Amino acid sequence: MQSLDAKTLPGLFERFAARFEAERDALIALDGKVGDSDLGLTMSKAFMAARDKVVGEFADADISTQFKQAGGAISKAAPSTMGTLMATGFLRGGKALADAEVLDVAGLAAFWRAYADGVAMRGKAQLGDKTVLDVLDPIARAYEAQAEAGATLEMAGAAAAQAASNALEATKELVAQHGKAAAFQEKSRGVQDAGGTVACMLAEELEIFLGEAAN
């Protein structure tokens with residue numbers, strides 16, 4: 001499949017909400033190793049709010065509006081550091097799709113590049129700082145490469161999810177430079193980044209969504 005229309009997009013937010021509700025306790029445990037243990041609750045609240053906003057009020061809106069409304073809902077529901085970064089990503093990604101009538105691989109590349117760049121700017125993070133950016137950037141690069149290669153949505157989604165998984169594993173060797181995790185410094189080595197885990201889950205759910213839409 002080469003593209004999706006806006007009517008299918010609410011299903012993606014259904015998937016996001018279900019995944020973060022299911023992973024709430026796991027994210028709490030992971031975040032508790034080098035953080036304040038609130039990530040699971042924050043992401044569950046954030047993506048339930050995004051789902052409710054898109055599915056309940058903007059299911060018939062265009063692609064850009066759905067993503068931006070999701071970002072706005074996340075911002076209100078989860079005004080924490082990670083919630084703000086996720087909100088920024090969806091708002092910036094949605095803006096990058098302002099003229100999109102369908103969602104294709106090139107559009108996903110533009111979305112994830114804007115998402116990653118927005119998070120980097122808002123969070124003042126750089127690659128290698130052991131943050132969500134260390135997974136977001138590989139996701140964006142994977143979609144960019146797949147767009148260049150003329151891949152289908154299913155192929156691109158699979159490649160991006162694999163890139164996210166590989167990048168998340170690589171965060172174990174990094175030392176945290178931001179947030180509460182930075183206080184642990186070397187103790188953070190060997191633990192996968194919690195924010196990066198969230199980004200990987202987004203990529204995985206998007207892969208499944210794209211695969212199901214093709215069938």
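Is Thr197 buried or exposed, and what is its relative accessible area? In this predicted model, Thr197 is found in helix H9. The residue has a relative accessible area of 7%; because buried means under 20% relative accessible area, Thr197 is classed as buried. Not counting residues up to four places away in sequence, the contacts of Thr197 are Leu27, Leu30, Leu168 and Gln192.

Helix H9 (194-213) is also one of the elements against which the buried residues of helix H1 pack. Helix H1 comprises 13 residues, numbered 10-22. From its first C-alpha to its last, H1 reaches 19 Å, close to the 18 Å expected at 1.5 Å a residue. Its buried residues are Pro10, Leu12, Phe13, Phe16, Ala17, Arg19 and Phe20. Besides H9, these buried residues pack against helix H2 (24-34), helix H3 (39-57), helix H4 (63-77) and helix H5 (81-96).

Two cavities of 30 Å³ or more are found in a search of the whole structure. The second largest cavity holds about 30 Å³ of space, and its lining is formed by Leu12, Phe16, Phe67, Phe90, Phe111, Trp112 and Leu206. Two or more residues of this lining are given by each of H1 and helix H6 (105-123).

Methods
Residues are numbered from 1 along each chain as its sequence is written. This is a predicted model: local features need pLDDT of at least 70, side-chain atom pairs count only at pLDDT 80 or more; totals for chains, interfaces and linings use all residues. Side-chain values use heavy atoms; hydrogens and water are left out. Helices (H or I, at least four residues) and strands (E, at least two) are DSSP runs, numbered from the N terminus. The expected span of a helix is 1.5 Å times one less than its number of residues. Buried means under 20% relative accessible area, exposed over 50%, partly exposed in between (1.4 Å probe, protein chains only). Contact means heavy atoms within 4.5 Å. On a 1 Å grid over the protein atoms alone, a cavity is a set of points where a 1.4 Å probe fits but cannot get out, and a pocket is an open set with protein on both sides within 12 Å along at least five of seven lines; lining residues have an atom within 4 Å of a point. Grid points are joined across faces, edges and corners, and a volume is the space filled by probe spheres set on the points.
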